[in-house]
Amino acid sequence: MVNLIQQKGELNMTDTDRLKKAIEDSGMKISGILEKMGIKSYATLQAKIENRQEFKASEIAKLCEILRLDTDQMNEIFFSVDAECHSA
């Protein structure tokens, strides 16, 4: 499991590498994903993919539908949790 990424003191839950791989594996172009998600700007989507902005729950659900991600894949990509964060 991939560890949480820490940037500027914030924990980022999205696994950027896995998400980029899922997009690549889908065969879809970013322009098609943008259109289906209703996001007007490539820069906005890129910022979310790279953890500079957070995905909304509705965006995660839509992206999972578009990329045909199952629940395990969704959790691995959008909710990566480092076990060390939970150890006492």
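**Exercise 1.** Classify Asp25 by its relative accessible area, and describe its salt bridge with Lys21.

*Solution.* Asp25 has a relative accessibility of 52% and counts as exposed, where exposed means over 50%, buried under 20% and partly exposed in between (1.4 Å probe, protein chains only). Asp25 and Lys21 are four residues apart in helix α1, about one helical turn; helices are DSSP runs (H or I, at least four residues), numbered from the N terminus.

This is a predicted model, in which local features need pLDDT of at least 70 and side-chain atom pairs count only at pLDDT 80 or more, while totals for chains, interfaces and linings use all residues. Residues are numbered from 1 along each chain as its sequence is written, and side-chain values use heavy atoms, with hydrogens and water left out.

**Exercise 2.** Determine which helices the salt bridge between Glu59 and Lys48 ties together, and whether its partners are buried or exposed.

*Solution.* The closest N and O atoms of Glu59 and Lys48 are 2.9 Å apart. Glu59 belongs to helix α4 and Lys48 to helix α3, so the bridge ties together parts eleven residues apart in sequence. Glu59 is buried at 12%, and Lys48 is buried at 6%.

**Exercise 3.** Identify the contacts of Leu67 beyond its neighbours within four places in sequence.

*Solution.* With those neighbours set aside, Leu67 is in contact (heavy atoms within 4.5 Å) with Leu19, Ala22, Ile23, Ser26 and Ile33.

Methods:
A salt bridge is a side-chain nitrogen of Lys or Arg within 4 Å of a carboxyl oxygen of Asp or Glu. Helices (H or I, at least four residues) and strands (E, at least two) are DSSP runs, numbered from the N terminus.
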